[in-house]
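Colleague: Could you walk me through this one? I'd like the cut-offs as we go.

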Amino acid sequence: MVQHQNTSPTFDGQCLKYLAPVISEPRREPPVVYYVNGINTSGKEHMKTALILSLVTEGWVHGIYNRTERMVRDLAQCAADWLAVARLRLRERIGAVSSSPPGDPVVWNQATLKVYKEITSPQRLRQWKYIVCHSQGNLIVANALLYLSVANRSLAEQVFPTLRVYSLASPSPAWPELLRRTHGGGGRLVYGYSDDIVTWCDPHNWPPLQRTPFRRAEGDWRQAGSPGITQHDVNRWHFLDTNFTRGIRRDLNLSGQISSVVTDSQKLQEMIDLMTK
């Protein structure tokens, strides 16, 4: 019987492993599945979503915690993250990159630093790595990947071929070129709602631009009905109502029907409540 040590994270950048207690024989790694949460998320909510993801992927999930500092400070962090992404992407675009090891990035966001350390560690370097990120988690991951692409291009070229990002409700304005499959990377799979106003923080998602070359990235884009933030919720709107669940299971070579627990929101909530009491 697998021993479960599911606990809520307490500090920024903390990485804990989660496994849904109903899973007796977890899927073998790699791929290693990571989860990076978004804005205004408590440690308990982070744990809940990681456990849902464990059910979906039938294995361990490595949760990297983006600690909340309450809404106002979280929004300020998002703004700083957004500007950092734009600045790093500009450096990449103009070719201001380096191939000399710079050491760890100097960042105030410890979740960004943890993502960087995880994907560049000797243990993970050539393993397949799947990162599921939601909301601000996209900015955190994009920052880590862009820093790697700009500051240590030779190392990035080793990491990106075995790295895939599942991008849920992303406000990030840019991602590194090396992540694209056309450039040899593992790719970024996009899931979101076109009327989720948080995603409008990425100018490519602005409705007037959808018939121009600057339109949003292709992906599983849906509509909830009217502009708002209700559809930004990760558990209800992104795990259950998009193709994300089917997509990541297919990529993990998981066959058979997804448990009704995972596809029924009420049953899912009841199970998660029991697991996290």
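Colleague: How many bridges pair E6 with strand E7 (residues 220-222)?

Modeller: Strands here are DSSP runs of at least two residues, helices (H or I) of at least four, numbered from the N terminus, and two strands pair if DSSP finds at least two bridges between them. Within this pair, Tyr191 stands opposite Asp220 in E7. E6 and E7 pair in the parallel sense, and the count is three bridges.

Colleague: Before we go on, what kind of model is this?

Modeller: Residues are numbered from 1 along each chain as its sequence is written, and side-chain values use heavy atoms, with hydrogens and water left out. Local features need pLDDT of at least 70, side-chain atom pairs count only at pLDDT 80 or more, and totals for chains, interfaces and linings use all residues, since what you see is a predicted model.

Colleague: On the other flank of E6, which residue of E6 is the bridge partner of Tyr166?

Modeller: Strand E5 (residues 163-168) runs parallel to E6, joined by four bridges. The E6 partner of Tyr166 is Leu189.

Colleague: Is E6 mostly covered or exposed?

Modeller: Buried means under 20% relative accessible area, exposed over 50%, and partly exposed in between (1.4 Å probe, protein chains only). Five of the six residues of E6 (residues 188-193) are buried, so by that definition the strand is mostly covered.

Colleague: Zooming out, which strands are the edge strands of the sheet?

Modeller: Seven strands make an open sheet with mixed pairing, in the order E1-E3-E2-E4-E5-E6-E7. The ones that pair on one side only are E1 and E7.

Colleague: In the pairing of E2 with E4, what stands opposite Val33?

Modeller: Strand E2 (residues 32-36) and strand E4 (residues 129-134) run parallel, joined by five bridges.

Colleague: What angle does H3 make with E3?

Modeller: Helix H3 (residues 110-120) packs on the sheet, touching E1, E2, E3 (61-64), E4 and E5. Contact means heavy atoms within 4.5 Å. Axes are lines fitted to C-alpha atoms, for helices over the stretch in contact, and angles run from 0 to 180 degrees between N-to-C directions. On that scale, the direction of H3 against that of E3 comes to about 145 degrees.

Colleague: And how do H3 and H4 sit: parallel, antiparallel, perpendicular or oblique?

Modeller: They pack at an angle of about 55 degrees, with their axes 8 Å apart. Under 35 degrees counts as roughly parallel, over 145 as roughly antiparallel, 65 to 115 as roughly perpendicular and the rest as oblique. The contact includes Val115 and Ile119 of H3 and Ala144 and Leu148 of H4. H3 and H4 are therefore oblique.

Colleague: How many residues of H4 are buried?

Modeller: Helix H4 (residues 136-151) reaches 22 Å from its first C-alpha to its last, close to the 22 Å expected at 1.5 Å a residue (1.5 Å times one less than its number of residues). H4 is largely enclosed by the rest of the structure, because the buried count is 16 of the 16.

Colleague: Off to the loops: what is the relative accessible area of Trp200?

Modeller: Trp200 lies in the loop between E6 and E7. Leaving aside neighbours within four places in sequence, its contacts include Trp206 and Pro227. Trp200 counts as partly exposed, with a relative accessible area of 29%.

Colleague: How far is the C-alpha of Thr7 from that of His46?

Modeller: Thr7 lies in the segment before E1 (15-18) and is partly exposed at 43% relative accessibility. Beyond four places in sequence, Thr7 touches Leu16, Tyr18 and Met47. Thr7 and His46 are 39 residues apart along the chain, and their C-alpha separation is 9.9 Å.
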